[in-house]
Amino acid sequence: MPCALHRNNDKYPKYVRKLMAIQAFGDFCVLATKGENTGEFILILCNAIGSPVDSKYIEFRTSFSKILSTDVSGVKRRDVREKVFHIDDPNPAQVTAEGYKPPPQSTSDSISAMCASDSVLMVGRASGVVQRYSLPHLTVEGQHVLRCRPYMLALNCNTTKMSVIDINGVLSFYDLQVKGQGSTQGEHLSFERKDAWDMRWADDNPELFAMMEKTR
């Protein structure tokens, strides 16, 4: 599948075989592709002109990915440690890539969405629970409980609010600063907009965002 990388109105076409997903941040992007062998998948880190600078072979299909200023999901950089853990693991900070063993059975509460900042990883599940981890150590910080099944999650620039687009296309917001009880934190706000396709928080103002609607 062809993809084009743009910078300063310049275009760098790049042909990528069996492309499944692409994520970008700053001058880099990560491409998720299928490998030549059955059950083989590859994450490729590329620079601003599309040249590969690193890659990682993995044994599972990448359904969600996120690239940050210092980390790429699944790609091992030279100056950081690789982390692999199962979503039901209560203490992923203690798990190493070498010591990871997949469980004999799949989870009963699958991952449905994911977002991250430089300090926080949010993993949304089909039940409406969003698990919160600190980065880069992946220490469990608690949970946020939504009233819906999330399809897309995004954090504002100061990590005080999280946008939620559910499987029915309803956009809502979650206040992460409200104090909860026990391991549950925050409050799902009453604001809703229907027929939302996508949204993007402003990079310099935590209260501003842009969204795409079905009719606009």
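Predicted model: local features only at pLDDT ≥ 70, side-chain atom pairs only at ≥ 80, totals over all residues.
Me: Hi! Let's begin with E7, E8, E9 and E10. In what order do these strands sit in their sheet, and is the pairing parallel or antiparallel?
Reply: The order is E7-E8-E9-E10, in an open sheet of four strands with antiparallel pairing. The edges are strand E7 (111-116) and strand E10 (139-145), and each of them pairs on one side only.

Me: How many degrees are neighbouring strands of this sheet turned against each other?
Reply: On average 20 degrees, with direction ignored.

Me: And how many bridges pair E7 with E8?
Reply: Five bridges, in the antiparallel sense, with E8 covering residues 120-125. If you want a spot to look at, find Ala 113, which stands opposite Gly 124 in E8.

Me: What holds paired strands together, in general?
Reply: Strands of a sheet pair through backbone hydrogen bonds, and the pairing can be parallel or antiparallel.

Me: New topic: E3 to E6. Which strands stand at the edges there?
Reply: That one is an open sheet of four strands too, ordered E3-E4-E5-E6 and paired antiparallel. Strand E3 (19-25) and strand E6 (52-58) are at the edges with a single partner strand each, so one side of each has no neighbour in the sheet. From one strand to the next, the twist averages 15 degrees.

Me: What about E4 and E5, how many bridges do they share?
Reply: Six bridges, with strand E4 (residues 28-34) and strand E5 (residues 41-46) pairing in the antiparallel sense. Leu 31 has Ile 44 in E5 as its bridge partner.

Me: Okay, over to E12. Why is this strand described as largely enclosed?
Reply: Because six of the six residues of strand E12 (residues 161-166) are buried, the rest of the structure largely encloses it.

Me: Which residues sit on each side of E12?
Reply: Lys 161, Ser 163 and Ile 165 are on one side, with Met 162, Val 164 and Asp 166 on the other. Both faces are covered, and all of these residues are buried.

Me: Why do they alternate like that?
Reply: Because in a regular strand the side chains alternate between the two faces of the sheet.

Me: Which strands does E12 join up with?
Reply: Strand E11 (residues 150-155) is joined to E12 by five bridges, running antiparallel. Here, Leu 153 has Val 164 in E12 as its bridge partner. Strand E13 (residues 171-175) also runs antiparallel to E12 and is joined to it by five bridges. There, Lys 161 is partnered with Asp 175 in E13.

Me: Last one: what's in the turns of those hairpins?
Reply: The hairpin of E11 and E12 has five residues between the strands, and Thr 159 takes a positive phi near 55 degrees. The hairpin of E12 and E13 has four residues between them, and Gly 169 in the turn has a positive phi of about 80 degrees.

Key. Residues numbered from 1 in each chain as written. Heavy atoms only, no water. Pairing = 2+ DSSP bridges. Helix = DSSP H or I, 4+ residues; strand = E, 2+ residues; numbered from the N terminus. Axes fitted to C-alpha atoms, helices over the stretch in contact; angles between N-to-C directions. Buried < 20%, exposed > 50% of the residue type's maximum accessible area, 1.4 Å probe, protein only.
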